[in-house]
Amino acid sequence: MRCPYCNYDGSRVVDTSHDSRGSIRRRRECEACKQRFSTYERPILATPLIVKQDGTREEFDSEKLIRGIRISCAKRPVSAADIERLVGEIEAALQAMGRAEVSSRVVGDKVIAGLKKLDQIAYIRYAIVYLRLGDLESIRTEIDRLLVS
Ligand SMILES: [Zn+2]
């Protein structure tokens, strides 16, 4: 581990501790300048590849998802933190599935379910685009479903 003070590539572990989330924290001392610093080790879960409607695959892109959701939430009382939390929860749920690939539908359904709880107008906006609700009848059906649920 390279020393952040002098860049020397050698350090000695002086203490190791675990935090509640399973991360390992190591207190280190540089062998050259003797400054102390900490490093963290934590498990990184793989996010599955997203299989799009046309069969192509792409990496899960949280920034892109945030942009899409933000458009649906324009001028609605949904904070940037709410959107980031939703996308973080979706990514964690995808990782927990433990699969190499998931359909983009799975992602879309999770966004819809999350927005439904956050803001109903944002939800309808997203659903119109995502579910390709192309006419007033299908939008009304969706709103009716929302009103009874
Ligand atoms: Zn050093």
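Guide: We may begin with N7, which is partly exposed, its relative accessible area being 49%. Please keep in mind that this is a predicted model. N7 belongs to the segment before β1 (11-18).

Visitor: What is the phi of N7?

Guide: The general idea comes before the case. Most residues other than glycine have a negative phi. In this structure, phi of N7 is near 75 degrees, a positive value in a residue other than glycine. K75, which is not a glycine either, has a positive phi of about 60 degrees. K75 sits in the loop between α1 and α2.

Visitor: Is K75 buried or exposed?

Guide: K75 has a relative accessible area of 87%, so it counts as exposed.

Visitor: Which residues does I90 touch?

Guide: Apart from residues up to four places away in sequence, I90 touches F60, L65, V107, K110 and V111. V111 is found in helix α3. V111 counts as buried because its relative accessibility is 0%, under the 20% limit. Beyond its neighbours within four places in sequence, V111 is in contact with L65, I69, L86, I90 and Y126.

Visitor: How does one describe two helices that meet, such as α1 and α4?

Guide: One states the approach of the axes, the angle, and then the residues. The axes of α1 and α4 come within 8 Å and cross at roughly 115 degrees. On the α1 side are L65, G68, I69, I71 and S72, which meet A122, R125 and Y126 in α4. The residues of this contact divide into five nonpolar, two polar and one charged.

Visitor: At what angle do the axes of α4 and α5 cross?

Guide: For helix α4 (residues 120-130) and helix α5 (residues 136-148), the axes come within 11 Å and cross at roughly 145 degrees. The crossing is right-handed. Q120, Y123, I124 and I128 in α4 meet I139, E142, I143 and L146 in α5. This contact comprises six nonpolar residues, one polar and one charged.

Visitor: E142 is in that list. Is E142 buried or exposed?

Guide: E142 has a relative accessible area of 8%, and therefore it is buried. Its side chain is joined to that of Y123 by a polar contact of 2.6 Å. Leaving out residues up to four places away in sequence, E142 touches Y123, I124, L131 and L133.

Visitor: Where does D119 lie, and what does its side chain reach?

Guide: D119 lies in the loop between α3 and α4. With 7% relative accessibility, D119 counts as buried. The side chain of D119 reaches the backbone nitrogen of A122 at 2.8 Å. Neighbours within four places in sequence aside, D119 is in contact with R76, P77 and V78.

Terms used
Residues numbered from 1 in each chain as written. Predicted model: local features only at pLDDT ≥ 70, side-chain atom pairs only at ≥ 80, totals over all residues. Heavy atoms only, no water. Axes fitted to C-alpha atoms, helices over the stretch in contact; angles between N-to-C directions. Helix = DSSP H or I, 4+ residues; strand = E, 2+ residues; numbered from the N terminus. Left-handed = near helix turned anticlockwise from the far one by under 90°. Contact = heavy atoms within 4.5 Å. Nonpolar A, V, L, I, M, F, W, Y, C, P; charged D, E, K, R; others polar. Buried < 20%, exposed > 50% of the residue type's maximum accessible area, 1.4 Å probe, protein only. Polar contact = N/O pair within 3.5 Å; in protein donor to acceptor, adjacent residues only side chain to side chain.
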